[in-house]
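Reader: I'd like to go through the salt bridges here. Can you take me through a few?

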Amino acid sequence: MSHVLSGRNMFIWRLAPILKTELGVAGLVAKAKAARLSGVWIKIADGKGPHENVQSAAALQTFKQLREALGAAGLSVWGWQVPYGQTTQNAQAEAAIAAELVLNLGLDGLLMDAEGGAGYFTGGPTVARTYAQALSTSLNGRAGLAMCGNDIPSNFPDYPFATFVDVAQFNAPQVYYGGSPSVANRLGRAVNDNRRFDKPLVPVGAAWIGQGDGGCASASACAERAREFLRLVAEQGFPGCSFWHWGGAPLAFWEVLIDTPA
């Protein structure tokens with residue numbers, strides 16, 4: 001079990017449709033290995049409730065089978081949760097469900113997908129610290145903890161980003177470069193804006209088509225930018241990287257991962 005974020009990783013949002021497309025657990029694992037992935041990051045909780053990926057008995061059984069198969073293939077499995085905060089009581093409940101799932105499923109760690117902006121985390125520094133510290137205390141070194149939020153925190157001056165990343169061991173900024181002049185431009189801005197936090201950076205690239213929200217303009221653009229992102233990650237010596245997300249990634253993107261040495 002690795003509590004370190006490293007290598008090449010991939011987000012999974014909704015597991016059931018992916019398992020159907022990839023022809024089950026074995027097919028998903030085979031594709032992950034072909035794409036030279038080191039790990040997958042699967043959603044396990046939304047707010048203070050479990051996500052659909054682990055909500056029913058059948059889903060939970062499938063998740064455990066996948067976790068075991070990925071582990072046997074040498075891939076790490078991290079969970080992720082979207083917390084909403086609002087109050088310290090809610091924050092404690094959110095931390096409790098996430099920690100329970102991580103430990104019961106034997107996951108390698110948890111990513112706090114705590115983002116600023118409308119519809120995301122609210123409550124300020126006190127609520128943020130309640131959530132992050134409760135997670136850290138419950139996990140107690142048995143699993144890793146990472147922050148995965150907006151890549152340019154200064155764009156959200158009233159958001160308690162520093163509170164989350166202070167408790168985390170890794171910082172995985174969402175460098176969604178699809179609408180940027182270049183991958184290097186957006187990644188450079190993210191690196192400069194996160195430098196003050198002094199935590200290992202594991203940047204997250206864009207692997208979906210969707211203009212206006214950081215996604216890429218086309219399948220070919222997604223592939224070309226992924227290739228450049230991987231080159232920059234290696235060149236700049238980051239411990240690892242990830243992409244959002246498996247279910248939205250076009251074939252051309254997967255071909256880049258398969259063809260690019262890890």
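Author: Asp151 and Arg186 form a salt bridge through their side chains, with N and O 2.8 Å apart. A salt bridge here is a side-chain nitrogen of Lys or Arg within 4 Å of a carboxyl oxygen of Asp or Glu. This is a predicted model: local features need pLDDT of at least 70, side-chain atom pairs count only at pLDDT 80 or more, and totals for chains, interfaces and linings use all residues. Residues are numbered from 1 along each chain as its sequence is written, and side-chain values use heavy atoms, leaving out hydrogens and water.

Reader: Where do Asp151 and Arg186 lie?

Author: Asp151 is in the loop between strand E6 (144-147) and helix H6 (161-167), and Arg186 is in helix H7 (residues 183-194), so the pair ties together parts 35 residues apart in sequence. Helices (H or I, at least four residues) and strands (E, at least two) are DSSP runs, numbered from the N terminus.

Reader: Are Asp151 and Arg186 buried or exposed?

Author: Both are buried. Buried means under 20% relative accessible area, exposed over 50%, and partly exposed in between (1.4 Å probe, protein chains only).

Reader: OK, what about Arg231 and Glu235?

Author: Their side chains meet in a salt bridge, 2.8 Å from N to O. Both lie in helix H8 (residues 219-236), 4 residues apart, about one turn of the helix. Arg231 is partly exposed at 41% relative accessible area, while Glu235 is exposed at 56%.
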